[in-house]
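Work through the exercises below with the sequence and the model open. Each task is followed by a solution in steps.

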Amino acid sequence: MFLNSAPKPLVELPVGHTARVAAVTGPGRAVRLRLRVLGLRPGARLKLLGRGPGGPVLVEIDGCRLALGQGVARRILVVPETEESETQ
Amino acid sequence: MRVALVGQPNSGKSTLFNALVGLRAVASNFPGTTVEILRGRAALAGKPVEIVDLPGIYSLAAQDPAERVARDFLLSEKPDLIINVIDASALPRSFTLTLELMELGIPMVVVLNMADEAEHKGIHIDKDKLEQTLGVPVVFTVASRGIGLRDLIAALAQARVPSPPRYSEFLEELLGKLGAAAQEKPHLRAFPARYAALTLLAEGGTWPEEVREELASRDPAELLADERFAVAGRIFREVAQVTRARVGIRERLDDVLMHPLLGYLFLVLALFLLFFLTFRVGSALEGLLMPSLESLATRWAEVLGESLAGRVLAGALDGLLAGIGIALPYLVPFFVLLALLEDVGYLPRVGFLLDGLMHRLGLHGKSVIPLLLGYGCSVPAVLATRILEDERDRFVSSVLAVLIPCAARTVVIFGLAGRFLGPGVALALYAGNLLVVAAGATLLARVFPAAGPGLILEIPPYRLPTLRTTLGKTWLRLRGFVKVAWPLLVLSSLVLALFQTLGWERVLNLLARPITWPLGLPPEAGVPLLFGILRKELALLLLGQALGTEDFAAALTPTQMLVFTVFTLFYIPCVATLAVLGREVGWRRTGLVLLATTGLALLLGAFARLLAWAAL
């Protein structure tokens, strides 16, 4: 299902696009776990709702909205979904 | 019987707590409002019950100090019953905590709160099916409007110990292999065998060899989180029907309020309105009250006469009147407006908007929440730093929150600078204060380099505040003033009057001269500033008594009024703040804060004097 595109950092996802979480990378087990319990687990579907001044992103996951700082968003790798899968 | 309210942040535990035991807890619309354990008593279905409101936790694997407080309570004090409060609109995620709680072997009731919000989002839950699946009673509530409370009370009698959830074969096998090892750990012996095995798995370290091999490089805590999400998702699909969410104005609001440009404009506007409205309403009320209160005070003084007892008593009454005439007019509108901002859910949005800016200051967006709460009172602001994950961020945010003018200082800013120098000066003081806070953050970032992970913050839906919750919270905070500050004010006035009559205040004023003299303040300002350490508004209220008039313009020059306000704004935090600061960041650091704020206040006071001299 992830064949059509390679994972890229969440910060690079365009606003309004959906993607699936591939991995949360980087040091700091506490951060990885916090993101995990908030639903950012491999395979989870998220949508980038907006970008704030200076880098934070606003994402929607499982019907909840999360604000993530730029440093955090850079560590989340996502696989963008193609336009077709969005309309399904 | 002891009942604990347990749930993920912002699921409405405090609102439910207030509905059950009466108005006791501050409830707001942002994750992390409650950072302490609150206990209340109620008679439910004729039986006396102790109800405990805990800070919200996403998982029992606690990460910030607020979460740790809740987890430690659950595991060490073992409540007799758990009310698991779930934000029904935040499913399936909220179920993951439910699954963890089901391992504890404690009778449970599940509350699906904000049921109206869930329907709005198109989530329809089959209550009977969920009861069957979880094996515990399930109740729908809308705690903010008191809906479903009677069902909840009735359900408490039906509470049952749920059977633990079943995970994947892989995990179940691991748990089986860990069972014996877990029972050997002294700190796990008190728990059900399965929970002990789960904890040992999550803690890591001393697993049997075969478990170590099977896990290989997988992080057991991540594995557990994923397994719980899998089960939570399955339960959700079984019991919920999801239809199209209604998209209304609330969903569109963030397009403007969190917009990179419009969001900033609105933020400035909102803060301006907060202070401007407080000042307009406050000065109108003060103008209405002051004349009649002053004539009352004059008449009292005449009646009580010139004897020692008479003058001391008149002083106490002056204190009482100053509390009504100067403090309350500004406090009431300010607390109402602040409560509105909190209850709508605006604070986390500000955290998002200012995240970039805060990063430049060595913090991140979440610190905005304690800082904004600082405008209300420094004590809860310092406590609110517990929602920050990083120890360094907590310390820096605590220090900065103390510099933010609290409601008591707002009384001084508006009652002195605003009233006699003009609202423009008051607003300039707020703006200048923010610059000082930013400079302080920059300085602290040099001494304590930032290493925090960055912003991770849930943004809750906007909620229309109800009259009951907003006024209730305003009253809770005002009560703090009426119950603590008022008696203190009366007592301080009484003491000051006694000192004045005996001539002792001159000694204290002399002691404070090293501060009042360089600032160009009259010696009489010394005692009020000393009392101001007890509570900041005392500085202004007692200044009136020390000078013998509430018409400060008649006794002080504009420069002196400005300098007095600036000094009061920054010098030593009040004793309540010092106490909580000592507890949260340590006494040595609190001592440093005390010295630094006094130095800062002297410096800025002198700067204000220079500025006024240059301007005139």
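## Exercise 1: a covered helix

The buried residues of α1(B) have among their cover β1 (2-7), β2 (38-44), β3 (47-53), β4 (81-87), β5 (108-113) and α6 (149-156) of chain B. Here contact means heavy atoms within 4.5 Å, and helices (H or I, at least four residues) and strands (E, at least two) are DSSP runs numbered from the N terminus. This is a predicted model, in which local features need pLDDT of at least 70, side-chain atom pairs count only at pLDDT 80 or more, and totals for chains, interfaces and linings use all residues. Residues are numbered from 1 along each chain as its sequence is written, chains are lettered from A and ligands numbered from 1 in the order in which they are written, and side-chain values use heavy atoms, with hydrogens and water left out.

Task: state how many residues of helix α1 of chain B are buried, and list them.

Solution. 
- Step 1. Helix α1 covers residues 13-21, and eight of its nine residues are buried.
- Step 2. The list is Lys13(B), Ser14(B), Thr15(B), Leu16(B), Phe17(B), Asn18(B), Leu20(B) and Val21(B).
- Step 3. Look just past the end of α1(B): Gly22(B) has a positive phi of about 95°.

## Exercise 2: backbone angles in loops

Task: find which peptide bond is cis from Leu91(B) onward, and describe the positive phi values of Lys78(B) and Met114(B).

Solution. 
- Step 1. The bond from Leu91(B) to Pro92(B) is cis, its omega being near 5°.
- Step 2. Pro92(B) sits in the loop between β4 and α3 (93-101) of chain B.
- Step 3. Lys78(B) is not a glycine, yet its phi is positive, about 35°. Its loop joins α2 (65-77) and β4 of chain B, and Lys78(B) is partly exposed at a relative accessible area of 35%.
- Step 4. Met114(B), also not a glycine, has a positive phi of about 55°. Met114(B) belongs to the loop between β5 and α4 (115-120) of chain B, and with 10% relative accessibility it is buried.

## Exercise 3: helix α20

Task: compare the span of helix α20 of chain B with the expected one, and say which of its residues are buried.

Solution. 
- Step 1. Helix α20 runs over residues 423-447, which is 25 residues.
- Step 2. The expected span of a helix is 1.5 Å times one less than its number of residues.
- Step 3. From first C-alpha to last, α20 of chain B reaches 36 Å, close to the 36 Å expected.
- Step 4. Buried in α20(B) are Ala426(B), Leu429(B), Tyr430(B), Asn433(B), Val436(B), Val437(B), Gly440(B), Ala441(B) and Leu444(B).
- Step 5. For the spacing of such a list, recall that an α-helix has 3.6 residues a turn, so residues three or four places apart point the same way.
- Step 6. The cover of these residues of α20(B) includes α12 (262-304), α18 (391-403), α19 (407-421), α27 (558-570) and α29 (587-615) of chain B.

## Exercise 4: two residues

Task: decide whether Ala225(B) and Trp613(B) are buried or exposed.

Solution. 
- Step 1. Ala225(B) is in helix α10 (residues 220-239) of chain B, and its relative accessible area of 8% makes it buried.
- Step 2. Trp613(B) is in helix α29 of chain B, and 65% relative accessibility makes it exposed.
- Step 3. The C-alpha atom of Trp613(B) is 7.5 Å from that of Thr559(B), although the two are 54 residues apart along the chain.

## Exercise 5: whole chains

Task: summarise the make-up of chain B and of chain A.

Solution. 
- Step 1. Chain B contains 29 helices and nine strands.
- Step 2. The radius of gyration of chain B, taken over C-alpha atoms, is 28 Å, close to the 25 Å that the globule rule gives for 616 residues, so chain B is as compact as a globular protein of that length. That rule is 2.2 Å times the number of residues to the power 0.38.
- Step 3. In chain B, 56% of the 616 residues are buried.
- Step 4. Chain A has three helices and six strands, in the order β-β-α-β-β-β-α-β-α.
- Step 5. In chain A, 51% of the 88 residues are buried.

Methods: Buried means under 20% relative accessible area, exposed over 50%, partly exposed in between (1.4 Å probe, protein chains only).
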